[in-house]
Amino acid sequence: MAETTSHQEQFGTPEAQREAAQLGMWIFLGTEILLFGGLFVAYAEYRMLFGRAFRAAGSHVIAWLGMVLTLVLITSSWFAARAVRLARQGQLSASARSLVGTLLLGVSFLVLHVLEYAHHAGEGALPGAWYRFAEVTQPGASLFFTLYYLMTGLHMLHVTVGVGVIGWVAWGASRGRYSAAWHTPVEVGTMYWHLVDIIWIFLFPLLYLVGQ
Amino acid sequence: MSAPLSAQLTRGPAGAGAELLIWIVLTALTLATWGLAYVHLGVLQLPVALAIAVAKGSLVAIYFMGLIEQRGTRRLAVPLAIAMLLLLLGLTLFDVGTRFASVNPDPDGPSSIAPERAPRRDVGAPLPHRLPEP
């Protein structure tokens, strides 16, 4: 366990160490944007090529559920932002409670998403060659659902990792591992969570509001 | 090195009141995006929805993630990644948008059934997409 005010010798000051940790996280988040970016570009290309099929298939995605999922994630981000402020103010117990709020909303997001997948799987709207959805059959419709599963699936993987990270940080905060002077895991852990929220903010209109 | 470090560390990147206000704005914009999807804005549908998404994403990045208090490379890393992504997106769509008509499927049709279920097209029947006149 790290001393709450110590820093590694090579950094000179605790601020330098904190900023180095943040730079590492910003660069990692840049690579995450490029990872999702490949899928966003594929989506843009296929939507341009199969606009009508995308509108027809998109009209079967549950728009209000996408809206609810968005509200769940932005509220979870608000709790995460509160947790950072409370940690900086030295209120680590309150910070831990706020992180638990983020955690619970993240788990709710995953549960709702699994129910949504079950609904679409039940009607045969499956990716690629497994596509059996009788209501939308024109060419390109299966591509929409393939991208829907790829983009939301990769995002869900990130939410799952994020739930683990937030849970670990919340546990650390509740055990008194951090202080007002040193709480870098709270800062960089919540940064990752916010990026996952931002990616969803773009997935929502692209996947849930195409065919309304 | 960020100048007002001591000030940063006693408050969040935004402060309690601003955090609440941003959450309210994010919620309102989410409801607006959802509502506007049923208004049928025509060609403006996608640009408006994406503009709202950019506004929401920027609020989260600047105030919740704390981009506003970052300096130097910490401020530049993510905007640079976004610039690279926009370059990739732009070049890809430039390719798709400037192909000969016969290369791309017609975006507004056909409403035929999926290829694996479609009846085999007769040999010699006209192609579904117009070829450029010689």
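Predicted model: local features only at pLDDT ≥ 70, side-chain atom pairs only at ≥ 80, totals over all residues.
Reader: How many helices does the secondary structure of chain A come to, and how many strands?
Author: Along chain A, from the N terminus on, the elements run α-α-α-α-α-α. The C-alpha atoms of this chain fill a box of roughly 60 × 30 × 25 Å, taken along the principal axes. The count for chain A is therefore read from DSSP runs, and it comes to six helices and zero strands.

Reader: How many residues of each chain are in contact across the interface of chain B and chain A?
Author: Contact here means heavy atoms within 4.5 Å, and residues on both chains meet that limit. The area buried between chain B and chain A is about 5300 Å², with 71% of it given by carbon and sulfur atoms. Counted by residue, the contact involves 67 residues of chain B and 54 residues of chain A.

Reader: Which residues form the salt bridge at 3.5 Å, and in which helices do they lie?
Author: The rule finds six salt bridges over all chains, and four salt bridges across the interface of chain B and chain A. In one of them, the side chains of A:E19 and B:R74 meet at 3.5 Å, N to O, and this counts because the limit for such a nitrogen and oxygen is 4 Å. The pair crosses between chains, with A:E19 in helix α1 of chain A and B:R74 in helix α4 of chain B.

Reader: Which element gives the most to the side of chain B that touches chain A?
Author: Across this interface the rule finds seven residue pairs in polar contact, both residues being at pLDDT 80 or more. On the side of chain B that touches chain A, at least two residues each come from α1 (5-10), α2 (16-36), α3 (45-64) and α4 (73-97) of chain B. By class, that side has 38 nonpolar, 19 polar and 10 charged residues. The element that gives the most to it, with 14 residues, is α4(B).

Reader: Which class do most residues in the lining of the largest pocket belong to, nonpolar, polar or charged?
Author: About 820 Å³ of space lies in the largest pocket, and of the 29 residues that line it, the closest to its centre are A:F202, B:V54, B:I82, B:L85 and B:L86. Two or more residues of the lining come from each of α1 (14-49) and α6 (184-208) of chain A and α3 and α4 of chain B, and α1(A) gives the most, with eight residues. The lining has three polar residues, one charged residue and 25 that are nonpolar.

Reader: Which element gives the most to the lining of the second largest pocket?
Author: The second largest pocket has a volume of about 390 Å³, and its lining is made of 21 residues, of which A:R47, A:V210, B:G42, B:Q45 and B:L46 are the closest to its centre. The elements that supply two or more lining residues are α2 (51-58) of chain A together with α2 and α3 of chain B. By class, the lining divides into 12 nonpolar, six polar and three charged residues. With five residues, the element that gives the most is α3(B).

Reader: What is the volume of the largest cavity?
Author: A cavity differs from a pocket because a probe of 1.4 Å fits inside it but cannot get out. The structure holds one cavity of 30 Å³ or more. The volume of the largest cavity is about 70 Å³.

Reader: Which element gives the most to the lining of the largest cavity?
Author: The largest cavity is lined by 13 residues, and those nearest its centre are A:V84, A:E187, B:P13, B:F64 and B:M65. The elements that give two or more residues to this lining are α3 (63-88) and α6 of chain A. By class, the lining has five nonpolar, five polar and three charged residues. The element that gives the most, with four residues, is α6(A).

Key:
Residues numbered from 1 in each chain as written. Chains lettered and ligands numbered in written order. Heavy atoms only, no water. Buried area = accessible area lost by both parts, 1.4 Å probe. Polar contact = N/O pair within 3.5 Å; in protein donor to acceptor, adjacent residues only side chain to side chain. Nonpolar A, V, L, I, M, F, W, Y, C, P; charged D, E, K, R; others polar. 1 Å grid on protein atoms, 1.4 Å probe; cavity = no way out; pocket = protein on both sides within 12 Å on 5 of 7 lines; lining within 4 Å. Points joined across faces, edges and corners; volume = space filled by probe spheres on them.
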